Amino acid sequence: MAETTRTRPTVGHQPRPLPRDRPPRSRLPRAAGPLLWTLPPVALLSFFFLYPLALVVRQSFHPDTGGTSLRPYTDVFASQAFRQALGTTVWLALAATAGCLLLGFLLALVIAFVPFPGARAVARFVDVFLSFPSFLITLALVFVYGSTGIAGGLWTDLTGAAEGPFRFLTTPWGVLLAEITYFTPFVMRPLLAAFSQLDTAQLEAAASLGARAPRIVRQVILPEALPALASGGSLVLVLCLNEFGIVLFTGAKGVTTLPMLVYSKAILESDYPGACVVAVVNVLISVGLYALYRVVSRRAGA
């Protein structure tokens, strides 16, 4: 009688079926997660910044006579007040940036390489100075060099004159002095950071070879400081183009910059389309210079 062989069932590595009460997981939450986290900040940015900016741009194309046209732009660009304000803004910003670069480089050299008591405290004060509002520095200059300031009072006491000779604060030179005073630490901060990473062995080697201090500064220190100078200078240029408080608090007559022209057209003349046109031009210049600042900062490693 032939024996019948019984085969045992083989256990294979087959996938276990999912329970019927568990549907397969959807990949939608995993993909939509970053989008959901991005929506709130984008919405806030759009509401508090992009929407008001869009209203300014929209208003610049709507003259008071009604309709939509380029007449506000043609009227503003044809006005002598706009051309003078643009020229004053540019030359003040360029002159203040040059002064900040020169003064900031000299002061950073002294703090970083000339040993004196309190050097660290001065370096820390530079960081604190960056948080001061611009009008505070302007008021300090008015208290010192104003018509009834300290310097004028000392002059009248010594000479017996009726008033002091310090009247430059109400001129473009007073605005320039205030901007250089306020924005110089914005150049010193990246310079001090760059000087802290400079290899002192290079300075010692140059000094041992007989190089004097001006040559060491020119051939060793200055090449290392160029990226920091470019970064700080481009930032100061952007800030000076948009400065409003210094020009307002000095009370300089005849000094009208683009921000002051916006204020004058909107508040004093009630020319809102013209004010929006000047604001749009100021924003475009600032955004272009800020893009330049970011490129320079990225190359400088800031």
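**Figure 1. The whole chain at a glance.** Of the 302 residues in the chain, 32% are buried (buried means under 20% relative accessible area, exposed over 50% and partly exposed in between, using a 1.4 Å probe and protein chains only). This is a predicted model, where local features need pLDDT of at least 70 and side-chain atom pairs count only at pLDDT 80 or more, while totals for chains, interfaces and linings use all residues. Residues are numbered from 1 along each chain as its sequence is written, and side-chain values use heavy atoms, with hydrogens and water left out. The secondary structure comes to 12 helices and zero strands (both are DSSP runs numbered from the N terminus: H or I and at least four residues for helices, E and at least two for strands). Read along the sequence, that gives the pattern α-α-α-α-α-α-α-α-α-α-α-α. Take the contacts with a separation of 6 or more: 72% of them are between residues 24 or more positions apart (contact means heavy atoms within 4.5 Å).

**Figure 2. Where α2 meets α3.** Two packed helices are described by the angle between their axes and the distance between the axes. Here, helix α2 (residues 71-78) and α3 have axes that come within 5 Å and cross at roughly 65° (axes are lines fitted to C-alpha atoms, for helices over the stretch in contact, and angles run from 0 to 180 degrees between N-to-C directions). The two helices are therefore roughly perpendicular to each other (the label covers 65 to 115 degrees; under 35 is roughly parallel, over 145 roughly antiparallel, and the rest oblique). On the α2 side you'll find V76, F77 and A78, and on the α3 side Q80, F82 and R83. Sorted by class, the contact of α2 with α3 has four nonpolar, one polar and one charged residues (Ala, Val, Leu, Ile, Met, Phe, Trp, Tyr, Cys and Pro count as nonpolar, Asp, Glu, Lys and Arg as charged, and the others, Gly among them, as polar).

**Figure 3. Zooming in on F82.** F82 sits in helix α3, which spans residues 80-113. With 6% relative accessibility, F82 counts as buried. Which residues does F82 touch, not counting those up to four places away in sequence? They are V76, F77, L258, L261, V278 and V281. Pick out V278 from that group: it is 196 residues from F82 along the chain, yet their C-alpha atoms are separated by 7.9 Å.

**Figure 4. A96, also in α3.** Helix α3 holds A96 too. A96 has 0% relative accessibility, so it counts as buried. Leave aside its neighbours within four places in sequence, and A96 is in contact with L176, E179, I180 and C240. A96 and L177 are 81 residues apart in sequence, but 7.9 Å apart in space, C-alpha to C-alpha.

**Figure 5. A look at the cysteines.** A disulfide is a covalent bond between the sulfur atoms of two cysteines. How many disulfides does the structure hold? The count is zero (a disulfide is a pair of cysteine sulfur atoms within 2.5 Å). Look at C100: the closest cysteine sulfur belongs to C240 and is 5.8 Å from the C100 sulfur, so that is too far for a bond. C100 is buried, with a relative accessible area of 0%. C276 is buried as well, with a relative accessible area of 13%.

**Figure 6. α5 against α7.** Helix α5 (residues 134-145) packs with helix α7 (residues 172-196) at an angle of about 130°, and their axes are 10 Å apart. That angle makes α5 and α7 oblique to each other. From α5 come S134, I137, T138 and L141, which meet A178, T181 and Y182 of α7. The residues in this contact of α5 with α7 split into four nonpolar, three polar and no charged. Now focus on T138, which lies in α5. T138 is buried, at a relative accessible area of 1%. Skipping its neighbours within four places in sequence, T138 is in contact with A178, I246, F249 and T250.

**Figure 7. α5 alongside α6.** α5 also packs with helix α6 (residues 150-159), at an angle of about 5° and with axes 3 Å apart. That makes α5 roughly parallel to α6. F143, V144 and Y145 in α5 meet I150, A151 and G152 in α6. By class, the contact of α5 with α6 has five nonpolar, one polar and no charged residues.
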